[in-house]
Protein chains: 2
Amino acid sequence: MYGSHVHWAAARARRFYGQITEEGDGEDSETEDWRLGDKQSPERGASRRRSEDGLAGMSTDGTVLEHALPESDRGLAQHHGVPGNASVEMEPEGEPFGQYDDFHTIDWQRDLARDRMRHRYIVKKRQTGFFDLVRQFHDAWSGWLCVLLVGIVAGGVAGVIDIGARWMEDMRFGICPEAFWLNKDQCCWSSNETFFEGDNCSQWYSWPEVLGAQHDSAGGYVLAYLCYVVWALLLGLLAVRLVRTFAPYACGSGIPEIKTILSGFIIRGYLGKWTLLIKSVCMMLAVSAGLSLGKEGPLVHVACCIGNIIAYMFPKYGRNEAKKREILSASAAAGVSVAFGAPIGGVLFSLEEASYYFPLKTLWRSFFCALISAFILNSINPFGNEHSVLFYVHHERPWIFFELLPFIFLGVLGGVIGAAFIRSNIFWCRFRKTSRLGQYPTTEVVAVTLATALLAFPNPYSRMPSSELINVLFNDCGPSEGIDLCDYKRNFSSMSQAIETSEAGPGVYTALWQLAIVFVFKFLVTIFTFGMKIPAGLFIPSMVLGATMGRIVGVGMEQLAINYPNWWVFSSECTAGENCITSGLYATVGAAAVLGGVTRMTVSLVVIMVELTGSVSYIVPVMAAVMAAKWVGDALGREGIYDAHIYLNGYPFLDSKEEFDHTSLAADVMEPRNNVPFSVITQNSMTVSEVESMLKETEHNGFPVVVSKESQYLVGFVLRRDLNLALAGARRDGVPGQSLCLFTAVPTGQWSGPPPLQLRRILDLAPITITDQTPLETVIDMFRKLGLRQTLVTHNGRLLGIITKKDVLRHLKHLEVEDLEQVPFH
Amino acid sequence: MYGSHVHWAAARARRFYGQITEEGDGEDSETEDWRLGDKQSPERGASRRRSEDGLAGMSTDGTVLEHALPESDRGLAQHHGVPGNASVEMEPEGEPFGQYDDFHTIDWQRDLARDRMRHRYIVKKRQTGFFDLVRQFHDAWSGWLCVLLVGIVAGGVAGVIDIGARWMEDMRFGICPEAFWLNKDQCCWSSNETFFEGDNCSQWYSWPEVLGAQHDSAGGYVLAYLCYVVWALLLGLLAVRLVRTFAPYACGSGIPEIKTILSGFIIRGYLGKWTLLIKSVCMMLAVSAGLSLGKEGPLVHVACCIGNIIAYMFPKYGRNEAKKREILSASAAAGVSVAFGAPIGGVLFSLEEASYYFPLKTLWRSFFCALISAFILNSINPFGNEHSVLFYVHHERPWIFFELLPFIFLGVLGGVIGAAFIRSNIFWCRFRKTSRLGQYPTTEVVAVTLATALLAFPNPYSRMPSSELINVLFNDCGPSEGIDLCDYKRNFSSMSQAIETSEAGPGVYTALWQLAIVFVFKFLVTIFTFGMKIPAGLFIPSMVLGATMGRIVGVGMEQLAINYPNWWVFSSECTAGENCITSGLYATVGAAAVLGGVTRMTVSLVVIMVELTGSVSYIVPVMAAVMAAKWVGDALGREGIYDAHIYLNGYPFLDSKEEFDHTSLAADVMEPRNNVPFSVITQNSMTVSEVESMLKETEHNGFPVVVSKESQYLVGFVLRRDLNLALAGARRDGVPGQSLCLFTAVPTGQWSGPPPLQLRRILDLAPITITDQTPLETVIDMFRKLGLRQTLVTHNGRLLGIITKKDVLRHLKHLEVEDLEQVPFH
């Protein structure tokens, strides 16, 4: 059965832009004339003028169609168990102005053609008056205005989220009684005391202190433990209940779905305002609950929601799914930009990872959007420091060439950890989907939160917020750092200078053990956390894993250099007793490596890390590690975590990066095969009743039109929706069932029966066709680059069948199962 | 006449990879079998297995074809008056292993299909032995190895060029007698004296001093002037003679041609080793001659030459034009990377400006290549400082929000200047092409060099090398700067501190006048310089213009703030007498603005400027200026300088950024029109003699094959080259002229005459087709995204005509002339 999951092509460049219909004079005759204009003129030279004339008389039926198409597509997107009509609840105003149904694939070429027509119309009208001139300027600027607004709002929302999350995180430990809305840092700033990180200032009261217990007594410890766990449970429970009740789509990181949406799939309500609101709130809650998750991935989702909502203000984008994706690409860039304070990295992320169709105009706008959002966030200054980045890192020493070896080693480890994580996480998510566990999401979240909180508290490194831990690990030990990790045997006489000697004290070894435990703990708990029904990003947990691993290796290298300064690799750079190894840099490189192993990002990851560290000096180490991680990861398991989740959820995503090494031809992929009858319409020999009964019998979304049943020469393609509307209209006008449906330009002969029904105006005369001998790679290339929904297969001009995006995906899946052996490196 | 400039498609995925033919067993029968395999099987299921079997028996004729095709294409590329066969001299070993002739367009789909076949072959052979396994690994790695080598060599060459140019630049002023191979800086380093820029150390002798005159006497000045002019003339003359004699392609910036080549055009010898050598040497000479040109654009060309030469070592890339362009894209990135020390900017430049077809895999490799080259250059350390960038800039103060206004003003100026420059330069270049001036390139260079040297010397700012001038303008005045521009009224008691007061002294005003003169002088002289027959980049002259302009505006703003500190825009940030405006930042922003106006680069330019200044703090000002420059520039003249030169030289470049707003259909563009006869071959009714005479009578590069003359249903497409070969072979084997040429799978009937000649094996059964009603935008999209050479136009399965890339370009040109009114902003 090929029909049920086929998305038929639209009649290209014909039905477009409902918005300007209001100004159309609405005369039916002229409308008809326009509809004929571009398509029907047999003389080629005149067609241009005529279709432009026709534009003035556009009519209203472009957007009113909404038929209950077969919803078998939903079977493909078993999205987190969300019922197929959940989106209706979430988008009460969701009037279907798009031409697509939920869970359908869009036709880029058609949408872009609609936009070009709209544009031409506006340009043409410009001469008619001042208002239309303004209108044209507004239209030309609306893209920029839209991304400007997206940038401003995304920056603002990110600032609020950052501030809120910080405050709630600190609330687990204590409170600022004088001003409860301040977090610990702000509370202590107002005190004018100098205080070191990890210490308390006199203004800030930990919960035991508030409750009257001694801060460092056993009772105080138990009380603090208790408060920590209870807070975590409360926040976690609240988060999952909010998600379950108001916005089921707000769970997860959102990046797999964003990738799918950007590739041209419709998921209604996924980028709606409820999702935005609930995800923003629950991100704060989930992060503050101490769960092993980050808010960076969800921020991309939140930014895309903002982009989607703001796009609705600009009909150019809001009413055209293909154009809207340009705004969404820019929003994704803004999301990463505010998540890390890395605008360039954000744009590259959007280009490399998220986006599918990324024209260069979009690149420039995305950059603008990312920059504005970063600028706004920077002005809000949620991190309370002068740097706009999440983790400001500053290393003094340059790295030495020999260190590339441990960096690459970290990369290899990162690749292994990434691949292991993906496998375990996918295994667990599949188990959740297939077992009864999936029916108790609230219980699951509460259980994981409880376990995380109970296990995290005793260890100081897992107790502190993840972002703070990363900060500690990334940075070198200053001379006054009080934590174990910095317990070096120092020359205390020169307190103000940089550390002179770096031999590790006992505290460092304790810290290393604790870090090792944190590493194992975070690895295990993240597997269970990612995929639960709360907003959960993977960037921060991956970075924690990598930074922990990197710091351990870094301290090891450091001590090696201290103890064997004369070994040839160190001898040129290191002098005895002086530190020549920056262990913080190893943490940075390790974080990049694990992130690379998990997400398989490349350029964008390196650029994000460079922007994070604020220095290009360490770009080579980061690049070496990311490269090693990518290669090792790809060798162990082909997909990154996002692609794995796309696959797991069955989204129709045709990867634009993958290369296919098969010798299939179009004929192997097309439907129908094996002599299944193929529903086609003939151009001048079927009656209205015959077409109507065919519409009833089949579920296809469109039908090819051929010269005759015998010859099968392809004439064009007609959409079920258009056909339905035209036939219903004709019936209303009293056209009898015996009338012939005529798709030819001029009636060819005399009609014995009633006058024929002229339907050429709904016929797409320019469907994309290929021959049956076309290699599958070329077919895939056409699907990806032209954004097709389907292509017709011909042989010597005769129609043989049809290939849809899902036919291609199914065939690829089939081939994949067939030969699992992979080429080692791409 | 459509035939003479049509590039016919190749038989896709059929003739491939000459390299592996050596291992083919070479049996003719099996070869035939393979050639039939993939294409001839009527049963679809079996085709895959069969074609893979057939792969083992590949034969040798894939690469030996070299027919003298009609060279009418050359008419389109009247490249700088270079004779059409110049490349032959320059590439003596240039055996034509590509399947394309000079000045032809490549067919991406076909080349990529060839590569996939080659890849499949290697993967399949892997099981047969250890050697083949190694081979496969080599194949998988060769892309990375290739870009690694390109990066290393490009970094090395750039280092040598930088060092050489610096030395020769200083040679205009004096010499280091103790070690003449040292430039001034190096000479003075060895002296251990502290010396300030612009001063002389005792080791360095200016020419007057060498010749015995007083350094600061009138005679000394005249002597220095004379030496300067003579040196400049000598170097300029040498440069132009070298270019004229050895490598005519080494002139200009090369970026327009690189863009054209990357878009899929063949210019033999343009990236050859002679071009590399001569361009590298002449870049140094031309820069040292004091001409108003830079070596940054030519460095991109040089890097691409390196990429091209190294690609030949890897048959995967060297023998496949489409794959080779992946390496060239990476090389272009490396070129910018070493030119500015900006690897990320380099990749974005390659993506945004240079490349046409840029898969994401290429992005990652380009980044690697750019990074390696920057790393190597950094290790060579040609600038003699710890920063790897060309102009290291460090500003102390943050910018204030109000300053966005002057920054945008600078952007507007930059756009105006850019548009004016492009117009004037194109006007002059067109004059050169059409007048007798073009016949005296040497005289022209000498004259411009003489004028430049004579006018540049008296003004200290135009006398110093451009890169030094930019450095001076970009940086703030330190407390000890001795030049006029830094003649502020200082509080000399606090020499070691930052400048306390910034009221300008008389020297500053003198300097501003001199800078204004430099601005006018450089603007005029660059118009005449760019386009001469020497290597000449535009980055540096544009930056000089912008930096001069920016610094003037900056000093103006600075004095405004000093004198009116209580004006509301300054009052929040500035206190009386203290400097709150960074005039150096204005120079940076101005440089970005003019560069943006001239090149119309966007993201890559901003990123390059950010990498240059080494700080993301000023990204917003730079972005604002670049954006304003781009918009104003686009409003004044649609094309950037590179596109304007592409247009001027008539290269067949289909811009991937532009949008077209016309309602043309495929039928308006296709050839033949107006009842011109269309040469087609029928599948089973033409004799060998008929085909031969058709080949003689026409110049087309290929012919569509149809079912019959009457029905014109399209079967496939056959290349002239393949047909020639097959017929010649058949004639050699004694096939008579009366034999039928048979393109069908199975003979359909009895033959009365001699046995027919089976030609289906050379038939491409999967040509790309469109219908006559396809909108031109869709056609252009297909050309751009699929990299087509041509597409066949059908109507109801019948062949109507053909559209080539050049038909599309001609049509667009035609429409452009027709309606010149443009939309204000894209």
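## An exposed spot on chain B

With 11 C-beta neighbours inside 10 Å, B:T443 counts as exposed, since the cut-off for that label is 12 or fewer. This threonine sits in helix α17 of chain B, which covers residues 441–456. Keep in mind as you explore that the model is predicted.

## Chain A as a whole

Let's step back and look at chain A. It has 826 residues, and buried residues make up 54% of them. Its secondary structure consists of 31 helices and 11 strands.

Contacts tell us how the chain comes together. Take the contacts in chain A between residues at least 6 apart in sequence: 76% of these join residues at least 24 apart.

A:F137 and A:T510 are 373 residues apart in sequence, and their C-alpha atoms are 66 Å apart. A:F137 belongs to helix α5 of chain A, residues 130–171. With 15 C-beta neighbours inside 10 Å, A:F137 counts as partly exposed.

## Two helices that cross in chain A

In chain A, the pair to look at is helix α9 (residues 255–262) and helix α13 (residues 321–340), whose axes come within 10 Å and cross at roughly 150°. Because of that angle, α9(A) is roughly antiparallel to α13(A). The crossing of α9(A) and α13(A) is left-handed.

Which residues meet where α9(A) and α13(A) touch? From α9(A) come A:I258, A:I261 and A:L262, and from α13(A) come A:R325, A:L328, A:S329 and A:A332. Sorted by class, this contact of α9(A) with α13(A) has 5 nonpolar residues, 1 polar and 1 charged.

## Helix α20 of chain A

Now find helix α20 of chain A, residues 506–529. Its 24 residues reach 34 Å from the first C-alpha to the last, close to the 34 Å expected at 1.5 Å a residue. The buried residues of α20(A) include A:V508, A:A511, A:L515, A:V518 and A:F519. Further along, A:V525, A:T526, A:I527, A:F528 and A:T529 are also among the buried residues of α20(A).

What covers the buried residues of α20(A)? The cover includes α16 (404–434), α17 (441–456), α18 (460–463) and α21 (539–563) of chain A. After α20(A) comes A:G531, with a positive phi near 120°.

Helix α21 of chain B runs over residues 539–563. At 1.5 Å a residue, its 25 residues should span 36 Å, and the end C-alpha atoms are 35 Å apart, which agrees. Of the 25 residues of α21(B), 21 are buried, so this helix is largely enclosed by the rest of the structure.

Helix α26 of chain B, residues 641–649, has the buried residues B:I641, B:Y642, B:D643, B:H645 and B:I646. These buried residues of α26(B) pack against α9 (255–262), α16 (404–434) and α23 (583–599) of chain B. Just after α26(B), B:G650 takes a positive phi of about 70°.

## Backbone details to look for

Most residues other than glycine have a negative phi, and most peptide bonds are trans. Some places in this model differ from that pattern.

For A:R600, phi is near 60°, a positive value in a residue other than glycine. This arginine is in the loop between α23 (583–599) and α24 (603–613) of chain A. Is A:R600 buried or exposed? A:R600 is buried, with 28 other C-beta atoms within 10 Å.

For A:N796, phi is near 50°, again positive in a residue other than glycine. This asparagine lies in the loop between β10 (790–795) and β11 (798–804) of chain A. A:N796 is partly exposed, with 19 other C-beta atoms within 10 Å.

Finally, look for the cis peptide bonds. One joins A:E671 and A:P672, with omega about -5°, and A:P672 is found in the loop between α27 (666–669) and β3 (681–682) of chain A. In chain B, the peptide bond from B:E671 to B:P672 is cis, with omega near -5°, and B:P672 lies in the loop between α27 (666–669) and β3 (681–682) of that chain.

Note on methods
Residues are numbered from 1 along each chain as its sequence is written. Chains are lettered from A and ligands numbered from 1 in the order in which they are written. This is a predicted model: local features need pLDDT of at least 70, side-chain atom pairs count only at pLDDT 80 or more; totals for chains, interfaces and linings use all residues. Axes are lines fitted to C-alpha atoms, for helices over the stretch in contact, and angles run from 0 to 180 degrees between N-to-C directions. Helices (H or I, at least four residues) and strands (E, at least two) are DSSP runs, numbered from the N terminus. Angles under 35 degrees count as roughly parallel, over 145 as roughly antiparallel, 65 to 115 as roughly perpendicular and the rest as oblique. A crossing is left-handed if the near helix is turned anticlockwise from the far one by less than a right angle, and right-handed if clockwise. Two residues are in contact if their C-beta atoms, placed from the backbone, lie within 7 Å. Ala, Val, Leu, Ile, Met, Phe, Trp, Tyr, Cys and Pro count as nonpolar, Asp, Glu, Lys and Arg as charged, and the others, Gly among them, as polar. The expected span of a helix is 1.5 Å times one less than its number of residues. A residue is buried if 20 or more other C-beta atoms lie within 10 Å of its own, exposed if 12 or fewer, and partly exposed in between; C-beta atoms are placed from the backbone.
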